[in-house]
Amino acid sequence: MRNKQQFLDDTAKVIKEEFKEELNVVEDAAHIMNQTGELTYTIPKDFTSTNEDEAFLFEIKDRPKTDNPSEEIPDYYYVGRGE
């Protein structure tokens, strides 16, 4: 996942305090997107301070491989919060 810190910062703004230690949003988002192919990660309203479902948008772009920069692999890039 690219732009991970921005994703963490954005999710921290809406997650209820009592769930911040329990939720691993990076792992959850990666798992859901890999399993479903969806590019939107949603935190249900039960876990948000806004009392609304909060959506976070991603896109897939190629990036250089870490161990071989001359080759590229697809990766998730965090785009921003959705509506």
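Lys4, Phe7, Leu8 and Thr11 of helix α1 touch Val25, Val26 and Ala29 of helix α2, where contact means heavy atoms within 4.5 Å. Helices here are DSSP runs of H or I with at least four residues, strands are runs of E with at least two, and both are numbered from the N terminus. By class, the contact between α1 and α2 holds five nonpolar, one polar and one charged residues. In this grouping Ala, Val, Leu, Ile, Met, Phe, Trp, Tyr, Cys and Pro are nonpolar, Asp, Glu, Lys and Arg are charged, and the others, Gly among them, are polar. The model is a predicted one, in which local features need pLDDT of at least 70 and side-chain atom pairs count only at pLDDT 80 or more, while totals for chains, interfaces and linings use all residues. Residues are numbered from 1 along each chain as its sequence is written, and side-chain values use heavy atoms, with hydrogens and water left out.

The axes of α1 and α2 come within 10 Å and cross at roughly 110 degrees. This makes α1 roughly perpendicular to α2. Such axes are lines fitted to C-alpha atoms, for helices over the stretch in contact, with angles from 0 to 180 degrees between N-to-C directions; angles under 35 degrees count as roughly parallel, over 145 as roughly antiparallel, 65 to 115 as roughly perpendicular and the rest as oblique. Helix α2 (residues 25–36) also lies across β1, β2 and β3, and runs at about 130 degrees to β1.

The sheet comes next. Strands of a sheet pair through backbone hydrogen bonds, either parallel or antiparallel. In this model, three strands form an open sheet in the order β1-β2-β3, with antiparallel pairing; two strands pair if DSSP finds at least two bridges between them. The edge strands, each pairing on one side only, are β1 (40–43) and β3 (72–81). From one strand to the next, the twist averages 30 degrees. Four bridges join β1 to β2, and Tyr41 has Phe56 in β2 as its bridge partner. Strand β2 (residues 54–64) pairs with β3 over nine bridges, and Ile60 has Tyr76 in β3 as its bridge partner.

Side chains of opposite charge can pair when their charged atoms come close. Seven salt bridges are counted, each being a side-chain nitrogen of Lys or Arg within 4 Å of a carboxyl oxygen of Asp or Glu. One of them joins Asp75 and Arg2, at 2.9 Å from N to O. Because Asp75 lies in strand β3 and Arg2 in the segment before α1 (4–12), this pair ties together parts that are 73 residues apart in sequence. Asp75 is buried at 9% relative accessible area, whereas Arg2 is partly exposed at 31%; buried means under 20%, exposed over 50% and partly exposed in between, with a 1.4 Å probe and protein chains only. A network of salt bridges links Arg2, Arg63 and Asp75.

Two further pairs can be followed in the structure. Asp10 and Lys13 form a salt bridge with their closest N and O atoms 3.6 Å apart; Asp10 is buried, at 8% relative accessibility, while Lys13 is exposed, with a relative accessible area of 56%. Lys61 and Glu59 also form a salt bridge, with the closest N and O atoms 3.6 Å apart. Here Lys61 is partly exposed at 38%, and Glu59 is partly exposed at 33%.
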